[in-house]
Structures are given as structure tokens and as C-alpha cells.
Amino acid sequence: MRYSLTSRIRGTLIGGLLGQSLATTEDEEPFYCTGAVEGMLMVIGKGGFDLDEWNKFASLTCNSQLPTELMLLNSISVALPIALFFHENHLKLRQNLLLITKNHNTLLRDAVFTVCYLVAQSLNEKINPDTLVSEITSFIGKTTSGLPRKLQQVNNLIANNLGYSELQNCLDKENNISNITASAFYCFVNTKEDFRLTCLQAVKNQHNSKVCGAIAGAISGSHNSMAGIPITWHLGLDEAKLAQWGLTSFSQMVKLADA
């Protein structure tokens with residue numbers, strides 16, 4: 001393996017946090033998505049996935065009154081521990097994701113499946129741009145959301161070396177979940193070996209830039225690991241920024257990844 005699994009898990013958490021922080025201005029109210037850390041603590045404590053405990057945990061972390069784009073970020077944050085824990089077993093990963101997204105609408109569920117699959121494949125070091133969309137489509141299964149078709153359109157842009165302006169023409173006019181997921185997918189696949197470029201592109205000219213940044217950052221962090229994140233970026237994470245993802249310190253994240 002090019003990077004250790006521990007380093008990739010660290011990269012997932014810090015990558016998501018950095019991607020979100022890049023698009024959050026100093027005078028903006030921070031959005032706290034603590035589900036990833038709380039979920040990891042629960043999975044570690046139980047030694048695996050416990051649906052009853054998860055339902056109690058999810059009821060406290062998921063807020064159905066959130067705007068659509070923040071609901072997406074919160075849902076992915078809550079699902080990340082499942083992707084991390086079951087990354088080697090796609091069958092169990094899919095089964096457990098179905099359980100925790102049973103109350104989601106179809107599009108939100110498919111977005112969670114897409115991001116978790118990308119994280120899992122990155123942890124396995126099995127990202128293949130030539131087959132990635134067909135793999136995601138198979139992992140999602142039968143659906144009416146149209147997200148797999150949108151991902152294929154975006155992948156065609158990448159294959160034809162078309163830029164960010166062409167991506168904007170490909171996106172839906174109103175669907176935030178579809179737009180954010182497709183944009184994060186584009187930013188990662190188009191610059192998958194460069195965490196910095198992926199995040200900067202994700203937060204550029206995006207109406208929901210902190211959500212797109214967080215998703216693209218988490219995926220890219222899992223692929224490039226902590227070793228691929230600029231040192232000056234993660235050294236610049238203060239307590240206030242760490243708190244947005246439920247972290248009390250950088251050392252806490254290291255201990256969680258090790259566990």
C-alpha cells in the first residue's frame with residue numbers, strides 16, 4: 001500500500017474538516033457536523049455496528065429541519081464511520097448503509113452511498129476512473145434518483161478534458177444534493193492525486209462551497225492520506241475549527257484513527 005490505513009483514516013477526517021473550513025469565513029456562523037467522530041467512538045466502543053445504538057445516536061445528530069445542503073453534509077458525516085469500518089466488505093457496507101439511510105429520500109440516500117463508496121475504495125487503494133461510475137451505479141442499485149446518470153455525464157467531461165465551466169452547464173438548475181455530489185465527484189476525480197487542488201476547486205464558485213469542500217476533502221483525504229495534505233494546512237487548525245467536526249484536539253483525531 002502506498003499509504004498506511006491509519007494515515008488514510010486520518011486524512012479522511014482532517015480532509016473533510018479542511019475542505020469545509022476553506023469555505024467558511026471568519027464572520028460566518030460555523031456548522032457543526034460531529035457525527036463522524038461520535039459515530040467512530042460508538043463503533044470503537046461496541047467493536048462494530050449496532051443498529052439500536054446507532055438509531056439512538058442518529059436521532060441526536062440528524063436534524064431534519066436543516067437546509068438541504070447541510071442535511072447532506074450531516075448525513076455523510078454520520079455515515080463516514082460505517083465507510084471506514086466496513087471499507088473492505090462492500091456487502092456489509094451496503095447493508096449497513098441501507099439501514100442507516102432507511103428514512104432518507106432516494107437522492108439523499110444515493111449521495112451518501114456515492115461518497116461512502118468513494119471513501120471505501122480510496123482506503124482500499126482501488127480508485128479506477130475508467131470503471132468508477134459503473135461501480136458506484138452497481139453499489140447504489142436500482143434507483144430513480146438520476147444521480148448515477150449525472151455522475152456519468154460528469155465523468156464524460158473529465159474524460160474529454162473539459163473544464164469547470166462545462167461542469168456548471170451539466171448541473172441541475174435547482175437540485176442542491178445532485179449538484180454538490182456531482183461537483184465533489186468532479187473535483188476529486190479530475191485532480192485525485194492532489195489534495196490541495198481538489199479542495200481549492202471544490203470551494204471555487206460554489207454556492208454551497210463548504211459542503212462541496214467537506215465532501216471532496218474527505219474523499220481526497222482518504223485517497224491521499226495525511227501525507228498528501230499540506231502541513232501548513234493542518235497545522236493551521238485551531239480549536240474552533242477542530243470543534244466543527246467534534247474534535248477537541250489534533251491528538252484526539254490521531255487516537256481515533258489508530259483505534
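## Helices α8 and α10

Helix α8 passes α10 in a right-handed crossing, a crossing being right-handed if the near helix is turned clockwise from the far one by less than a right angle, and left-handed if anticlockwise. Helices here are DSSP runs (H or I, at least four residues), numbered from the N terminus. The axes of α8 (residues 147–159) and α10 (residues 176–190) come within 10 Å and cross at roughly 35°; axes are lines fitted to C-alpha atoms over the stretch in contact, with angles from 0 to 180 degrees between N-to-C directions.

On the α8 side, Leu147, Lys150, Leu151, Val154, Asn155 and Ile158 meet Ser178, Thr181, Ala182, Phe185, Tyr186, Val189 and Asn190 of α10, where contact means heavy atoms within 4.5 Å. The residues of this contact divide into eight nonpolar, four polar and one charged. Ala, Val, Leu, Ile, Met, Phe, Trp, Tyr, Cys and Pro count as nonpolar, Asp, Glu, Lys and Arg as charged, and the others, Gly among them, as polar.

## Basis of the model

This is a predicted model, in which local features need pLDDT of at least 70 and side-chain atom pairs count only at pLDDT 80 or more, while totals for chains, interfaces and linings use all residues. Residues are numbered from 1 along each chain as its sequence is written, and side-chain values use heavy atoms, with hydrogens and water left out.

## Helix α12 and its partners

Helices α1 (residues 5–22) and α12 (residues 209–224) pack at about 160°, with their axes 6 Å apart. The two are therefore roughly antiparallel, the class for angles over 145 degrees. Their crossing is right-handed. Arg8, Gly11, Thr12, Gly15, Gly16, Gly19 and Gln20 of α1 meet Lys210, Gly213, Ala214, Gly217, Ala218, Gly221, Ser222 and His223 of α12. By class, this contact has two nonpolar, 11 polar and two charged residues.

Helix α11 (residues 195–202) packs with α12 at an angle of about 165°, the axes being 8 Å apart. That makes α11 roughly antiparallel to α12. From α11, Phe195, Thr198, Cys199 and Ala202 make the contact, and from α12, Ser209, Cys212, Gly213, Ala216, Gly217, Ser220, Gly221 and Asn224. These residues comprise five nonpolar, seven polar and no charged.

## The cavity

The structure holds one cavity of 30 Å³ or more. A cavity is a set of points on a 1 Å grid over the protein atoms alone where a 1.4 Å probe fits but cannot get out, and lining residues have an atom within 4 Å of a point. The largest cavity has a volume of about 30 Å³, that is, the space filled by probe spheres set on its points, which are joined across faces, edges and corners.

Leu73, Ile76, Ser77, Leu80, Ala214, Ile215, Ala218 and Trp245 line the largest cavity. Helix α4 (68–85) and α12 each supply at least two lining residues, and α4 gives the largest share, four residues. The lining divides into seven nonpolar, one polar and no charged residues.

How values were computed:
Angles under 35 degrees count as roughly parallel, over 145 as roughly antiparallel, 65 to 115 as roughly perpendicular and the rest as oblique. On a 1 Å grid over the protein atoms alone, a cavity is a set of points where a 1.4 Å probe fits but cannot get out, and a pocket is an open set with protein on both sides within 12 Å along at least five of seven lines; lining residues have an atom within 4 Å of a point.
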